[in-house]
Amino acid sequence: MKSTGSQHKKIIVIPCSGIGKAFGSISRDATYEVVENLRKDVTQTLCLALLVSGDQESLQLVRNNKVITVDGCPLQCAEKNVKLAGGNLAGSLRVVDAYKQNRQLKPRGVTFLDNDGQQMALALAEKIANKVDDLLEEQ
Amino acid sequence: MSEYLTTTFDKFELRVRNGFYYTKDDLWVSIENGKVKVGVSDYLQKTSGDIAFIEVAKAGSTVEKGKELGTVESAKATIALLSPMSGRVDKTNNELEAKPELINSDPYGKGWLAIIAPSNLNDDQRALLSADDYYKLMLQKLQTEHEKLESR
Amino acid sequence: MTETPEKKVGIISCSGEECVEGTISRVATRLVLGKLRPNETVTICLPLFLAGGREEREFARDYPTITVDGCDKMCAKVATERYSGEPASSIVVTDLTKNWQCPKLSARRKLDNETLTVTRKVADRIAEQVDDVLRHWV
């Protein structure tokens with residue numbers, strides 16, 4: 001299931017993908033924008049649930065690489081679960097922080113992102129990409 | 001008497017704090033030493049979604065019963081908060097600017113909005129609902145929601 | 001003072017970000033929740049469930065659940081068994097696509113027409129399971 005060449009990626013970006021809220025879908029889409037477009041050569045994503053189910057390959061990946069979590073709501077499940085798994089948490093971003101800077105956007109779609117949702121995902125993806133750059137500079 | 005009256009709607013537990021008063025617009029009121037603390041009910045915070053912005057009348061300003069005390073805003077909705085009392089705003093909760101999510105996580109505690117020095121406490125208090133009466137109103141609102149879903 | 005619980009089925013879906021089947025799980029579940037069986041189902045947010053969400057775990061303990069997993073790692077099923085109890089039914093998308101002899105699907109972010117068709121079939125399957133669970137509700 002893992003993408004080829006995954007062992008060469010440096011930063012793991014993990015969204016919460018919360019299913020009940022638009023912000024959960026936005027966290028997921030923003031992550032894809034980063035790992036498939038903006039910083040595709042230096043990032044990858046990972047199924048959050050694999051950490052909790054004890055998948056050894058996934059656990060090693062988050063412990064041996066820097067991790068950025070992207071949470072849809074203040075409950076911050078991605079951050080919590082990565083910490084519980086002993087992951088190397090290097091950054092935590094929240095969709096609400098992108099919303100605060102783009103107050104005019106009112107995403108409604110949860111199953112499929114509407115226009116406002118897609119725009120918010122792109123804004124958040126830029127923030128994630130900037131954080132990736134910061135972390136790479138530190139290395 | 002337990003601290004809360006509770007009900008469940010789908011997977012969500014909704015609570016009404018005993019000992020507080022309520023407005024029909026889902027604000028709670030706690031009266032202490034002649035002053036009135038105000039916040040939003042568990043029902044309102046649940047239906048509003050994750051609160052990202054909060055605006056409340058500044059300390060020192062005058063508010064009128066039934067007129068706008070402030071607003072809470074989420075990606076879902078902007079909701080006007082109507083003051084339960086007339087009086088002067090004594091204090092507002094400064095923590096909410098950086099942490100508006102306190103309204104969602106602790107609506108009856110750390111998520112309080114403002115403290116008002118009331119100008120007409122006895123009269124204004126008579127218009128408020130007891131916890132039991134608000135609980136019944138909340139159940140009616142939930143039933144209406146449920147019927148809307150059923151008719152889809 | 002809790003109201004009498006209605007008959008509801010909790011659906012716990014993986015959202016496996018790494019593969020298209022994770023997206024199919026997620027979208028199919030949302031279609032059931034929003035369109036196919038809106039009055040009979042509740043979705044359990046898996047990340048919140050894993051992080052210790054009380055409402056999620058209690059619901060999954062007290063009501064029948066259906067887990068929907070993208071692949072045979074079955075994270076949603078494993079989590080449900082661990083934290084709340086055996087689900088009433090489990091669906092694994094890769095099993096379904098194999099049985100249906102679907103062509104290889106790849107669009108994990110934005111579902112193309114082919115993947116959307118498969119997603120709708122998965123949603124129908126979930127809805128059938130919901131009906132089955134409710135029929136056998138004691």
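These exercises, each with a worked solution, concern a predicted model.

Local features need pLDDT of at least 70, side-chain atom pairs count only at pLDDT 80 or more, and totals for chains, interfaces and linings use all residues. Residues are numbered from 1 along each chain as its sequence is written, while chains are lettered from A and ligands numbered from 1 in the order in which they are written.

**Exercise 1. Describe the fold of chain A.**

Step 1. Take the elements. Helices (H or I, at least four residues) and strands (E, at least two) are DSSP runs, numbered from the N terminus. Chain A has six helices and four strands. Their order from the N terminus is β-α-β-α-α-β-α-β-α-α.

Step 2. Take the dimensions. The C-alpha trace spans about 40 × 30 × 25 Å along its principal axes. The radius of gyration is taken over C-alpha atoms, and the globule rule is 2.2 Å times the number of residues to the power 0.38. Chain A has 14 Å, in agreement with the value near 14 Å for a compact globule of 139 residues.

Step 3. Take burial. A residue is buried if 20 or more other C-beta atoms lie within 10 Å of its own, exposed if 12 or fewer, and partly exposed in between; C-beta atoms are placed from the backbone. In chain A, 53% of the 139 residues count as buried.

Step 4. Take contacts. Two residues are in contact if their C-beta atoms, placed from the backbone, lie within 7 Å. Of the contacts in chain A between residues at least 6 apart in sequence, 63% join residues at least 24 apart.

**Exercise 2. Do likewise for chain B.**

Step 1. Chain B holds five helices and eleven strands. Its radius of gyration is 15 Å, close to the 15 Å from the globule rule for 152 residues, so chain B is as compact as a globular protein of that length.

Step 2. The C-alpha atoms of chain B fill a box of roughly 45 × 35 × 25 Å along the principal axes. Buried residues are 41% of the 152.

Step 3. Among contacts in chain B with a separation of 6 or more, 59% come from residues 24 or more positions apart.

**Exercise 3. Work out the strand pairing in chain B.**

Step 1. Two strands pair if DSSP finds at least two bridges between them. An open sheet of three strands has the order S6-S8-S9 (chain B), with antiparallel pairing.

Step 2. Find the edges. S6 (51-56) and S9 (78-82) of chain B each have a single partner strand, so one side of each lacks a neighbour in the sheet. On average, neighbouring strands of this sheet are turned by 20° against each other, direction ignored. Axes are lines fitted to C-alpha atoms, for helices over the stretch in contact, and angles run from 0 to 180 degrees between N-to-C directions.

Step 3. Count bridges. Five join S6(B) to S8 (residues 68-74) of chain B. Ile51(B) stands opposite Ser74(B).

Step 4. Turn to the hairpin. S1 (residues 4-9) and S2 (residues 12-17) of chain B run antiparallel, joined by six bridges. Tyr4(B) has Arg17(B) as its bridge partner. Two residues lie between the strands, and Asp10(B) takes a positive phi near 55°.

**Exercise 4. Describe the side of chain C that touches chain A.**

Step 1. Here 28 residues of chain C are in contact with 29 residues of chain A.

Step 2. The elements giving two or more residues to this side are H1 (20-36), H2 (46-50) and H4 (75-83) of chain C. H1(C) gives the most, with seven residues.

Step 3. This side divides into 15 nonpolar, seven polar and six charged residues. Ala, Val, Leu, Ile, Met, Phe, Trp, Tyr, Cys and Pro count as nonpolar, Asp, Glu, Lys and Arg as charged, and the others, Gly among them, as polar.
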